[in-house]
Amino acid sequence: MVSTARERARAALTEEILTSARAQLGEVGAAALSLRAVARDLGLASSALYRYFRSRDELLTRLIVEGYDALGAAAESADDPSAQPRARWHAVCAAVRTWALTHPHEYALLYGSPVPGYVAPADTVPAASRVGVVLGRVIGDAARAGILPAPEGRRTHLVTPEATQVLGGEHPALDDGVRARALLTWSSLYGLISFELFGHFVGSVADADAFFTEQVGELADLLGL
């Protein structure tokens, strides 16, 4: 479909708004993000921005969805389905870390402190799940290849049906225990990255790259990869 000049101009200004807002994330943080400040940065009247984003929360949602999508795309690009599951696991986890270290302010928006008064709408969920879908695909492929240990038969009912579909789908080798460990490893990955990015490993970790690689291997062991 051929876009009109008006549509191209609108898309270009929308991207300028988002670029300015991302800069604000680095300067003042998500909680202080302001449409008025973005307008001032772009030399626009505040009222003009409301034709593009009706509120600060709508702008935040757009930034969050784009952040999750970018992170998800990095994970998807790193996954090679022809490789062994353990190698795929390491590659995807490394890609998530690389994206976070390259985009610290966007990562902080996604996984840092909640923005007071902001409630993420449901339409952020698909983008937020993209990394989990990739990791779940690795686990599911490992189950179908017969790589995972025999299931323990535990039925803890701690994992929702929605999460079951993300974490490898249905397979005899994937019981509730495996899915619970998958959620643990998924959250542990973000814990490792967050501790590194926000400076909590300072004075404790001598080599951040080696430490991350070793701990991702420990998580793979926990999953049985």
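Trainee: Which residues lie nearest the centre of the largest pocket?

Mentor: The model is a predicted one, in which local features need pLDDT of at least 70 and side-chain atom pairs count only at pLDDT 80 or more, while totals for chains, interfaces and linings use all residues. Residues are numbered from 1 along each chain as its sequence is written, and side-chain values use heavy atoms, with hydrogens and water left out. A pocket is an open set of points on a 1 Å grid over the protein atoms alone, where a 1.4 Å probe fits and protein lies on both sides within 12 Å along at least five of seven lines, and its lining residues have an atom within 4 Å of a point. The largest pocket is lined by 13 residues, and those nearest its centre are Ile64, Leu109, Leu110, Pro114 and Tyr118.

Trainee: Which elements give two or more residues to the lining of the largest pocket?

Mentor: The largest pocket has a volume of about 210 Å³, a volume being the space filled by probe spheres set on grid points that are joined across faces, edges and corners. Helices (DSSP runs of H or I, at least four residues) and strands (runs of E, at least two) are numbered from the N terminus. The elements that give two or more residues to this lining are α4 (56–78) and α6 (104–111).

Trainee: How many residues in the lining of the largest pocket are nonpolar?

Mentor: Here Ala, Val, Leu, Ile, Met, Phe, Trp, Tyr, Cys and Pro count as nonpolar, Asp, Glu, Lys and Arg as charged, and the others, Gly among them, as polar. On that division the lining of the largest pocket has no charged residues and three polar ones, and its nonpolar residues number 10.

Trainee: Which element gives the most to the lining of the second largest pocket?

Mentor: About 170 Å³ of space lies in the second largest pocket, and its lining includes Leu25, Ala30, His105 and Ser113. That lining divides into seven nonpolar, four polar and no charged residues. With four residues, the element that gives the most is α6.

Trainee: From which domains does the lining of the second largest pocket draw at least three residues each?

Mentor: The chain is divided into two parts, 1–54 and 63–223, with bounds that come from an automatic or database domain assignment. Their centres, taken over C-alpha atoms, are separated by 31 Å, and eight residues of one are in contact (heavy atoms within 4.5 Å) with seven residues of the other. The lining of the second largest pocket draws at least three residues from each of domain 1 and domain 2.

Trainee: Which elements give two or more residues to the lining of the largest cavity?

Mentor: A cavity is a set of grid points where the 1.4 Å probe fits but cannot get out, and the structure holds one cavity of 30 Å³ or more. The largest cavity has a volume of about 30 Å³, and the residues lining it include Trp89, Leu135, Leu167 and Trp186. Two or more residues come from each of α8 (130–144) and α10 (176–197).

Trainee: Is threonine 124 buried or exposed?

Mentor: Threonine 124 sits in the loop between α6 and α7 (125–128) and, leaving aside its neighbours within four places in sequence, is in contact with Thr61, Ile64, Val65 and Tyr68. The classes are buried, under 20% relative accessible area, exposed, over 50%, and partly exposed in between, with a 1.4 Å probe and protein chains only. Because its relative accessible area is 6%, threonine 124 counts as buried.

Trainee: What is the relative accessibility of phenylalanine 211?

Mentor: Phenylalanine 211 lies in helix α11 (residues 208–223), and beyond its neighbours within four places in sequence it is in contact with Leu192, Phe201 and Val205. Phenylalanine 211 counts as partly exposed because its relative accessibility is 29%.

Trainee: How far apart are the end C-alpha atoms of residues 34–53?

Mentor: UniProt, in an unreviewed entry, lists residues 34–53 as "DNA-binding region", and such annotations may be inferred rather than shown by experiment. In this model the span is 60% helix and 0% strand, and its end C-alpha atoms lie apart by 11 Å.

Trainee: What percentage of the residues of the chain count as buried?

Mentor: The secondary structure of the chain comes to 11 helices and zero strands, and the C-alpha trace spans about 65 × 50 × 35 Å along its principal axes. Of the 225 residues of the chain, the part that counts as buried is 40%.
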